[in-house]
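I opened this entry to keep track of what I looked up.

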Amino acid sequence: MDFKELVIRNRSFRRFDASHRIDRQTLVELVELARCTASAANIQPIRYILSVEPETNAKIFDCLAWAAYLKDWPGPEPSERPTAYMILLIDQTLTKDWWCDDGIAAQTILLGAVDKGLGGCMLGAVNREKLRAELGIADQYKIRLVLALGKPSETVLIEDLQPGQNIRYWRDDQGVHHVPKRKIDDLILP
């Protein structure tokens, strides 16, 4: 697929085929992609916790909030949960100012996942204290975000935002996830 198709297919998936297991080596390959990306002052402060084990995945899942705009949806059912997670951490012994390294790395990982036939969701709504305690994460690491990964089991559509339409994503009666995006002419200033 060309790059634009890769970007369009890289949606925030929140429902997955829980029977499709991801192995640790796949996660290592995705971190390898992120390792090669730009880093502010080349400090490279990001560290990763990789999880493919159901017991650890369950601990991580319990620390996440899934879709702020879908008020009545507590997150994926057990049969729709991700089968892998990456926790992106900042090693604060290296820097207190990581600029946007985590965003660059996370987007690269998600694009790599799509290229492998997978999908994911970048989650910032994390109970960090609980996650730190559950996984024994040392205090030197700032928990930035969690990537949920798996084989998507939902359809996510990008649609042009219409005048007066709300920017909030939503699901229709068939469970299709709709994501309104501002039109290109609304983004580029004259």
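I began with α2 and α4, which are oblique to each other (angles under 35 degrees count as roughly parallel, over 145 as roughly antiparallel, 65 to 115 as roughly perpendicular and the rest as oblique). The model is predicted: local features need pLDDT of at least 70, side-chain atom pairs count only at pLDDT 80 or more, and totals for chains, interfaces and linings use all residues. Residues are numbered from 1 along each chain as its sequence is written, and side-chain values use heavy atoms, with hydrogens and water left out.

**Helix pair.** I looked up the axes of helix α2 (residues 24–35) and helix α4 (residues 101–115); they come within 8 Å and cross at roughly 135 degrees. Axes here are lines fitted to C-alpha atoms, for helices over the stretch in contact, and angles run from 0 to 180 degrees between N-to-C directions. Helices (H or I, at least four residues) and strands (E, at least two) are DSSP runs, numbered from the N terminus.

Which residues meet? I found Leu30, Leu33 and Ala34 in α2 against Ala105, Thr108, Ile109, Gly112 and Ala113 in α4, with contact meaning heavy atoms within 4.5 Å.

**Aromatic rings.** How many aromatic pairs does a search of the whole structure find? I noted 2. Rings of Phe, Tyr and Trp (its six-membered ring) pair if their centres lie within 6.5 Å; planes under 30 degrees apart count as stacked, over 60 as edge-to-face and the rest as tilted.

Phenylalanine 61 and tryptophan 66 form a tilted pair, 5.8 Å centre to centre with 35 degrees between the planes. Both phenylalanine 61 and tryptophan 66 are buried (buried means under 20% relative accessible area, exposed over 50%, partly exposed in between; 1.4 Å probe, protein chains only).

The rings of tyrosine 69 and tyrosine 169 have centres 4.8 Å apart and planes at 45 degrees, so this pair is tilted. Tyrosine 69 lies in the loop between α3 (54–61) and β2 (84–91) and tyrosine 169 in the loop between β5 (156–160) and β6 (170–171), so the pair ties together parts 100 residues apart in sequence. Tyrosine 69 is partly exposed at 33%, and tyrosine 169 is buried at 16%.

Glutamine 44, not a glycine, has a positive phi of about 55 degrees.
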